[in-house]
Structures are given as C-alpha cells and as structure tokens.
Amino acid sequence: MNPINKNGANALVKAFEIAGISKIFTLSGNHIMPIYDAIFDSKIDLIHTRHEGAAVHMADAWARLTGEAGIALVTGGPGHANAISALYTAAMAESPVVLLSGHAPLNQLGKGAFQEMQQADIAAPLTKASWVCQRTEDIVSDIAKAIRIAKSGRPGPVHLSLPTDVLESALAEGAVMPTPASFDREPIHAADADLSKIISRLKQSSKPLILTGPQMLSKNGKALLAKLEKTLGIPVIGMESPRGIGDPSLGAFSEVLSQADCVLLLGKKVDFTLKFAQSPGFTKECLFLQIDPDPAEIQRTKNALGARLLDSVVSDIPSAIDQLLNLNSDIGKTTSQWQKEVSEAIQFQPTAWANIPPNQGKLHPIQALAPLQAILDSHPDSVLISDGGEIGQWAQACLKAPNRVINGVAGSIGAGLPFASAASIAKPNVPIIAVMGDGTFGFHSAEIDTAVRYKLPFTLIVGNDAKWNAEYQIQVRDYGQDRTLGCELLPSRYEKVCEAFGGYGEFVDDSNEVLPAAKRAMASKLPSCINIMIDGLAAPNIKRS
C-alpha cells in the first residue's frame, strides 16, 4: 500500500485486512476505482465478474460455504441497481453478505451528479441495514459495523454506499483502526432457565419436533443440528426450500409433521413454507415454542398462532444451541421410536425411481441426475448446487452432498453459475455439481467466462426440456393443457456456449452416458457443461401411500 496516499480507500482496504477478508467479488466502474487502486498491492483477491448481480450471488455462496461474510463491491448508479435483486436471495437464505457500492460524491448531490441515485433507499427493503458513509474518518467503523450487522442475530445482507469524495479524501492523522473483534457477530444470550423451560415443555409432549431455518444448513451447521438431536432425543429438521413442507429433499416429511403435537421454531419463521402453521400441515391441536433473535418475528408468530404459542425466548440461534447442548449434556443416549419414524419418512424415496429402464432421447430427470451421486460421494467435502424450478426439485430429491447451496426460500432462479464459481474458490479441488434448467442458464451464462479466467472447475448439468417448466406446470394445472403461454424455449446447445467461452461441453441424450460424460468433464479441470435432454416432468410430490 502506498504510504503517501493515506485516503479513505486505503483505510478501507486496511480494514478488510484486519477483518481477514481474502476475497471480494466485484465488477469495476467509475465510483470504485479508488478502492481498486488501494487494493492493488494488498493480498486481497478481486474476483471480477460479468454482472453485478453475479458478484452478489458469488458473495452469497461464499458466505454460506465458508461461514465468513461475503463481500460484493460494485459501482454506483446502474451498477448498484444491477446488484440489488440478488440481495433478496441472500436475505431469504439468511446469508451474511455485505454489498459495497460506489456512490456519487457527497459534495455534488442534488446538483445532477454522474449516476446520482438514492442507493441506500433502494437497497433498504432487502437488507438488515442500508446507509451512505458520510465522512472519510467513518469509513473503517462503517465497514466493521456492516459486517457485524450482517453476521449478528438472523444473518442477512447489509448495504453500504461509499461516495467517491469519501474514498479519495485524506485520512486524518491518528485515525483509529478497528480490531479483529470489531467485525465479530454480537451474540444474543437467553437465560438458562428460559431455555430449560422450553426443553421441558418439548419433553412433555409425545411427538415433538424442532424446526430450524437456512442459517443452520451449512455443513458445520448440519453437524451441530445432528449433535442437538442426539443430545435432546428430539428430531431436528432444517428447512431452506421454497417448497417448504413439500421439499422433496425431505422425502415424506409432511406425513410426520402432521402428527407432531409440539414444535420448537428454532429460528424458523412461520411463513408460507410452513403453510402459516395451519391445518392440514399441522393439526389444530399442535402447540408451538419459539427461539428467535428477532422480537418482531416472535410477535408475528404470536399474531399467527395466538394461544398455540406457549412460550418464546429471544436468542441468536448458534448461542441458543450451545446453551441447549450444555444444559442437556447427560441425556439423549438412545434413539426414540419417534426419531426413527421421522428419519424413515425423510429418507424415503419411491422404489420406482430405482427401476427406470435405460433410455435414449428425453431422459427422466432421475436418469439425468441420480448417476451423479457417485461423484458427490467421491469426496468428503463435495458441493451440490441446485438452481431452477422443477429440475432443481428433482436434484434436491435424489442428490445429497456434504455442502449444498440452493436457490432457497426466495424461490428465485439464475444464481447457479455464480454459485458454482464461488464454490470452486471456497472449496478448491473438490467435486462441484451444479444443476439448473435451460431457462436458468440464460441468466448468468457469461459467468462461464469468469470461471475460465480464474480457472474455476465445476460440472454444470443443464436439464434441457426446451421450456420454462415450472411456469408450464402451473398453467397446465390451473388453466388447462391448451392454455399455456410464454413457456416455450428451443432445445439449444448450451454445451457449445460453454465451449465458446473456453470451457468443456458435452451433449447427452442417453441415460448410460450421464456418468461417463460427467467424469470426462471433471477430468478436463475446466468449467464444464453437460447439456442433458430431459422430459419436462413436474417436480416430485413424495408420498409413501
């Protein structure tokens, strides 16, 4: 770093280094050039994308896979606007992302400055906090505050705008830099007695369940949930799918959920994914308990459930789990019959899936995806990325991996390619299978170029049914077969697009060739696309009867 130019941008980069930030996902532009100049001689890697939305998606996947805050850096005005939509996916995934946007100079606001925009106001509805840095001397405390907010309570995205004059102005002598602790999450602890009361109520019921949300579904988070279930002897289920109760990765879960008589909402929101906790998803007699970092969320649950919410505690979820484990360390030595019933329901898959005969032409989604489990099983840290509508649900139904990143409760599509690139950075030398539909491929296909430039290998599986299948299924179901509109696509050769960017591609229409093609793609050590022709089937609705 140039010691002569001790300006706001230099201070920001120094703060990044203190925070341990090693990767920043970005797309260049006028307003952030001072940061680029300051970062030039640092050890921080800039991953330069082809679209600002992709930079945010990459920061999101990085955060989910590493547990660190994901940093996206974009220019102001239209660059900021391009990044905004990706914040919703991160917010609903409870992912600690910080969006840093360049901004018109403060001394030109209201005068028609270049790309002047009310950036903080635009980002505010999709973030935990959103503001414009007002002074050069505030820049380091503001970035510490942004990261801390993103990681604390219910994690989620934060936006900070950085005006160019704030970045370029000289830093006052003796400016105080933050310490590493300045970037840590702020825990919210509950009283042990309150948590003990929650567990006592659960154990008084015959069929209790603990439901938790996206925050706890990282590889480490799932290990902690498994430990909690073993300790308490109560089934613990994580939910992160827009299909909610009908999430195909949870098998026949809905069948046991409807039997539960007491449910602890461990950071899980009462929303559409739980059918608002009403019948038939839950019995009318089912009672609820809640641990949540957000008092407003608890109030919303009270409004929805009334007297059925027996008790609630304010705590962040990792802290609550730690306390619950410490308070109950001497129990849970055996697996209850109820635990076995819940586990069997979640693990259930229709026997017909294993008996689909080999096929050529349009493959059943199971034929296109199930063979890939061998690749995911080949490494203890493999990554499954699932994006898109119906094809994404088939992937979640038949594929499992130690690390999983999906489009999440947002139900958005298009993030799969940026997710795959970020996964390759976060988990180098690990098999990465990214599944998406042909419609989804169009959102960020240019990010194949990003992956090629940074030598980021992954295997992209495109389920090609030549349609927007999720929308098609809705129209057929609600309006009839003869009233579908705007669903048609061409059976395009997406693998050739990947090849044109410098990646590896194969076309597959034979079920026997899926796994060999994927193995060749992995052997190429390039960003790869396997374009598989599939039958456009509706997502699975798994039932045991």
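I began with the open sheet, in which 5 strands are ordered β8-β7-β9-β10-β11 with parallel pairing; strands are DSSP E runs of at least two residues, helices H or I runs of at least four, both numbered from the N terminus, and two strands pair if DSSP finds at least two bridges between them. The model is predicted, so I note that local features need pLDDT of at least 70 and side-chain atom pairs pLDDT 80 or more, while totals for chains, interfaces and linings use all residues. Residues are numbered from 1 along each chain as its sequence is written, and side-chain values use heavy atoms, without hydrogens and water.

I looked up the edges: β8 (236-238) and β11 (309-314) each pair on one side only. Neighbouring strands are turned by 20 degrees on average, direction ignored; axes are lines fitted to C-alpha atoms, for helices over the stretch in contact, and angles run from 0 to 180 degrees between N-to-C directions.

I then checked β9 (residues 262-266) and β10 (residues 287-292), which are parallel and joined by 5 bridges. C262 has L287 of β10 as its bridge partner. Helix α9 (residues 219-232) packs on the sheet and touches β7 (208-212), β8 and β9, where contact means heavy atoms within 4.5 Å. The direction of α9 makes about 160 degrees with that of β8. Helix α12 (residues 317-327) touches β7, β9 and β10, at about 110 degrees to the direction of β10.

Lastly, I examined helix α3 (residues 52-66) and helix α4 (residues 78-92), whose axes come within 7 Å and cross at roughly 35 degrees. Residues in this contact include V56 and R64 of α3 and A83 and L87 of α4.
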